[in-house]
Amino acid sequence: MKHFKILVVVMGLLAVSPYENYGQNTFPYVDNLCYTESFVQKIKVSSQITISTLTLQDKLRFTEKSFVKEHHDYVNESNYPVHDITFKQWNKIFPKWYKVADLIRCDESGTRSYFSTNNVHLPGGWSGHTYSYQEHGYYGTGVRQGEERYYHQDHTTQSLAAYNQYKQSIDAFGYVSKFRYFYPTTQMLSAFTQQGFTVIQNANLIQVSNPEIRIKWRLSDKTIVKEFLVNNIAVKTITTKYKIFPLLGQDLKYEEIEITPDVLENGDCIETVMETTFAEYNTNCGNEAAFRSKAKTERNNIVVILPNPADDIITMMLPNAIEIAKISIISLSGQNMFSGSMESTNQIDISQYPSGLYIVNVVQGGHSFTTKFVKQ
């Protein structure tokens, strides 16, 4: 629990500023998003295993578990965020007697699981016949198609507070923000230092750490590594990788690997490896509008820099091809490297810039945009 609290504090420092300082306004506001999540849990042998001494419990731990989920995030008619989950495949995740819900929906009222077919292992066909409302939640029958049977749990005080905080985030940033690649601003690094973290920074790496957690942003390959430490030894490592998804024009999370060292009952060393892959991000899903009306005019308000990372020359493509824009390029140390005006597509010589990360501020047509690039 202590490590979890540390991570909450650390990620809380990162929750808002990256999108304010690194171009949140340059991206469309997405309030309808679909994606696929694939999960596999494996055991990795980190030393010679003595098979003859393995207990039954040890052997069961080597069973591979997996699932594939389809997610749909959208805003309902009452302007509240909704998260729909559908399990498409699963292996060793649920007990054989368990009936997987056809749809799991979380919204402002709580969580509701819908069942359209019977569970052959339970009396009456489903859980509502065996458990009471007082013990588990509310079982009922819906009036709309697809809601034949459902199990509903109201929000607890804690889950409602978390949901309302989540709503504020969606209202401000949309759904894509939770998957978007980011790294800390200069102001955030100062905040880390004030909180007692050690900060290391160079052209390809930003690292913040204290005796219990170490977070690395590997800028060259768009990877974030979080290590939870005990006596300076990693007891859990979470590596999150990002790549460009052309449909949304953004670097989004596509792979997350969590590794936890462990020991079997016979004393042999293993690692539990959980691999999660995110794919098929799409805004054209369900019957919901992909963008709020306010965002329809913002879809093309994106400053594009190519190549990125770059060695000598960058090409900058601006949102509006006919309006003059004011451009400034600033280093992470705050040094102004370039100031000027330009139109549409322009080239800038960065060959004399020191290697590192640079922030580009653009003002065009009364709008401000922010983006970034890496000088190799």
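Me: What is the strand order in the open sheet of four strands?
Reply: In this predicted model, the open sheet has the order β18-β17-β20-β21, with antiparallel pairing. Strands are DSSP runs (E, at least two residues), numbered from the N terminus, and two strands pair if DSSP finds at least two bridges between them.

Me: Which strands stand at the edges?
Reply: These are β18 (336–342) and β21 (367–375); each has a single partner strand, so one side of each is left without a neighbour in the sheet.

Me: How many bridges does β18 share with β17?
Reply: Strand β17 (residues 325–331) pairs with β18 over six bridges, in the antiparallel sense. Ala325 stands opposite Met342 in β18.

Me: Next topic: what do β9 and β10 form?
Reply: They form a hairpin with two residues between them. Strand β9 (residues 205–210) and strand β10 (residues 213–218) run antiparallel and are joined by six bridges. Leu205 stands opposite Arg218 in β10.

Me: And which residue takes a positive phi in the hairpin of β10 and β11?
Reply: Lys222 does, near 50°, and this hairpin has four residues between the strands. Six bridges join β10 to the antiparallel strand β11 (residues 223–230), where Lys226 stands opposite Ile215.

Me: What pLDDT does the chain average?
Reply: The chain averages 80, and 80% of the residues score at least 70; pLDDT is the predictor's confidence in each residue, from 0 to 100. Over residues 11–26 the pLDDT is below 50.

Me: Which conventions apply here?
Reply: Residues are numbered from 1 along each chain as its sequence is written. Local features need pLDDT of at least 70, side-chain atom pairs count only at pLDDT 80 or more, totals for chains, interfaces and linings use all residues, and side-chain values use heavy atoms, leaving out hydrogens and water.

Methods:
Contact = heavy atoms within 4.5 Å.
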